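Trainee: I have a model open and would like to go through its side chains. Can we start with the aromatics?

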Amino acid sequence: MDLFDELKALDVDVDAGLQRLNGNKNLYTRLLGSFVKTINEYYVQPDFDGNDYKETTDRAHAIKGASGNLSITPIYEAYTQIVDLLRKDQPEQARELLKNIIPIQDKIIECINKYM
């Protein structure tokens, strides 16, 4: 198995991500490295402040965008919902989604780091 096979096994739509980049595997791989940096920089903790979560919304939105650009589907879908919930003033539901996606996110990051 290689990086792309392992990511596909984690439900990452590698083919769609590559299609967005005209099949450029080297660029996609480099952007995956940038994605890891984005996760590290904008990491969202499930125990964010429930009274003032604008920064949390901004962080989640950054992760949503980065994952969407690369078709990292599980993370993109979860953070899309998280951002929507936060914008609708539903932080408890957003926390639950975060608790569920973080282990999956960690597996995807671990997979990418393994090949970098």
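Mentor: Start with Y53, which is buried at a relative accessible area of 10%. Keep in mind that this is a predicted model.

Trainee: What is the geometry between the rings of F48 and Y53?

Mentor: Their centres are 6.2 Å apart and the planes meet at 65°, so the pair is edge-to-face. The cut-off for that label is over 60 degrees.

Trainee: And F48, buried or exposed?

Mentor: F48 counts as buried, because its relative accessibility is 8% and the limit for buried is under 20%.

Trainee: What sits over the ring of F48?

Mentor: The charged end of R95 does, 4.4 Å from the ring centre.

Trainee: How many aromatic pairs does the structure hold?

Mentor: Two. Besides F48 and Y53, there is F4 with Y28: the ring centres are 5.7 Å apart and the planes are at 70°, so that pair is edge-to-face as well.

Trainee: Where do F4 and Y28 lie?

Mentor: F4 is in helix α1, residues 3-9, and Y28 is in helix α3, residues 25-42. The pair therefore ties together parts that are 24 residues apart in sequence. Both residues are buried.

Trainee: Switching to the core. Which residues have the most contacts inside the largest nonpolar core?

Mentor: L7, Y28, L32, F35 and Y79, in a core of 35 residues.

Trainee: Which of them gives the most?

Mentor: α6, with eight residues. As background, nonpolar side chains in soluble globular proteins tend to be buried together.

Trainee: Back to Y79. What is Y79 in contact with, leaving aside its neighbours within four places in sequence?

Mentor: V44, A60, I63, K64, L98, I101 and Q105.

Trainee: What is phi for D89?

Mentor: Near 60°, again positive in a residue other than glycine. D89 lies in the loop between α5 and α6.

Trainee: Is D89 buried or exposed?

Mentor: Exposed, with a relative accessible area of 56%.

Notes: Residues are numbered from 1 along each chain as its sequence is written. This is a predicted model: local features need pLDDT of at least 70, side-chain atom pairs count only at pLDDT 80 or more; totals for chains, interfaces and linings use all residues. Side-chain values use heavy atoms; hydrogens and water are left out. Rings of Phe, Tyr and Trp (its six-membered ring) pair if their centres lie within 6.5 Å; planes under 30 degrees apart count as stacked, over 60 as edge-to-face and the rest as tilted. Helices (H or I, at least four residues) and strands (E, at least two) are DSSP runs, numbered from the N terminus. Buried means under 20% relative accessible area, exposed over 50%, partly exposed in between (1.4 Å probe, protein chains only). A charge sits over a ring if NZ of Lys or CZ of Arg is within 6 Å of the ring centre and within 35 degrees of the ring normal. A nonpolar core is a set of buried Ala, Val, Leu, Ile, Met, Phe, Trp, Tyr and Cys residues joined through side-chain atoms within 4.5 Å. Contact means heavy atoms within 4.5 Å.
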